[in-house]
Amino acid sequence: MPRSTVRTVLALVMVAAAVLVGSVASASTGPQIKAADGCFTWDRALSEGASGDDVTQLQIRISGYAESGAVLEVDGQFGPATKAAVTRFQQAYGLGADGVANEATLQKIVDLQDDDCTPVHFDYAELNNCNSDWSGGAVSAAEAKANALRTMWKLEALRHALGDQPIRVTSGFRSKACNDQAGGSATSRHLYGDAADLGVSPHSLCTLAKESTNRGFFEILGPGYPDHDDHTHVAHRSDKFWNAPDCGVS
């Protein structure tokens, strides 16, 4: 066989192999999608077994759809709990509920957020009337602000579950100085940026407390608990502590 013919055959084999490898890679990574705004870009569908920063970003935004009484771990690993939370999010917004964060699901998340990553109905200023730089708490300013973002997404889920009516936040992050001025506990979750006090709005304090049990909060304090008859307090913590006896939440 002439050398030119051999070279031609080898070239064709290499092209075919490249196409085959590309097809296999495409199949292994799943369908390519585009759900993006000024905050974040998702460029693949996410399902059980996936991992990475895009999974972390997804978990933050669906943290209000954890199983009742549970908290969704934000660890960048798409496991059964994340699949269940995605399914609940999809059900809440009338999407195909298969537990896969597909293009429609991710686009809905994009529709629900502003370019600074906050949900459309809440903002950083609303979760911090203490100072402008998130400093002076029990954690770094960056961690306090990140904790507040996660809380806002849980509040967005709470708001949607209660008919998309406004929720009034009366207190969020506090520096140690602001916490002392408010008479807060030395171990208050407000110092960590992951707490929010909710006042009466279209909803009673007990309505807020009861529905918060389904929204990924490990700390819920409300009417009947000392110094909480005028607000419902929700927060994150390492272990579950619910105490709003007048509302039947414990």
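Guide: What follows is a set of questions about the terms used for this structure, each answered from its values.

Guide: Please keep in mind that this is a predicted model. The protein has seven helices and seven strands, and from the N terminus on its elements run α-β-β-α-α-α-α-β-α-β-α-β-β-β. Of its 250 residues, 44% count as buried.

Visitor: How do you know that the length of helix H3 agrees with its number of residues?

Guide: Helix H3 covers residues 80-92, which is 13 residues, and at 1.5 Å a residue it should span 18 Å; the C-alpha atoms at its ends are 18 Å apart, so the two values agree.

Visitor: Which residues of H3 are buried, and what covers them?

Guide: The buried residues in H3 are Thr 82, Ala 85, Val 86, Thr 87, Phe 89 and Gln 90. Their cover includes helix H2 (53-61) and helix H4 (103-111). After H3 comes Gly 94, with a positive phi near 70°.

Visitor: What makes the pair of Tyr 124 and Trp 134 edge-to-face?

Guide: Here the ring centres are 6.0 Å apart and the planes are at 85°; since planes over 60 degrees apart count as edge-to-face, that is the name this pair receives. Tyr 124 and Trp 134 each lie in the loop between H4 and helix H5 (141-161), so the pair ties together parts that are 10 residues apart in sequence.

Visitor: Why is Trp 134 called buried, and what is the value of its phi?

Guide: The relative accessible area of Trp 134 is 5%, and buried means under 20%, so Trp 134 counts as buried. Its phi is near 65°, which is a positive value in a residue other than glycine.

Visitor: Why does Cys 117 count as buried?

Guide: Cys 117, placed in the loop between H4 and H5, has 17% relative accessibility; the limit is under 20%, so Cys 117 counts as buried as well. Although Cys 117 is not a glycine, its phi is positive, at about 80°.

Visitor: How do you know that Glu 156 has no salt bridge?

Guide: Glu 156, a residue of helix H5, is buried, and its nearest side chain of opposite charge, Arg 159, is 5.2 Å away. A salt bridge requires a distance within 4 Å, so Glu 156 has none. Leaving aside residues up to four places away in sequence, Glu 156 touches Leu 112, Pro 119, Val 120, His 121 and Phe 122.

Visitor: Which charged residue sits over the ring of Tyr 192, and which lies over the face of Trp 242?

Guide: Over the ring of Tyr 192 sits the charged end of Arg 189, 4.0 Å from the ring centre. Lys 240 lies over the face of Trp 242, at 3.9 Å from the ring centre.

Note on methods. Residues are numbered from 1 along each chain as its sequence is written. Side-chain values use heavy atoms; hydrogens and water are left out. Helices (H or I, at least four residues) and strands (E, at least two) are DSSP runs, numbered from the N terminus. The expected span of a helix is 1.5 Å times one less than its number of residues. Buried means under 20% relative accessible area, exposed over 50%, partly exposed in between (1.4 Å probe, protein chains only). Contact means heavy atoms within 4.5 Å. Rings of Phe, Tyr and Trp (its six-membered ring) pair if their centres lie within 6.5 Å; planes under 30 degrees apart count as stacked, over 60 as edge-to-face and the rest as tilted. A charge sits over a ring if NZ of Lys or CZ of Arg is within 6 Å of the ring centre and within 35 degrees of the ring normal. Lys and Arg count as positive and Asp and Glu as negative; His and the chain ends are not counted.
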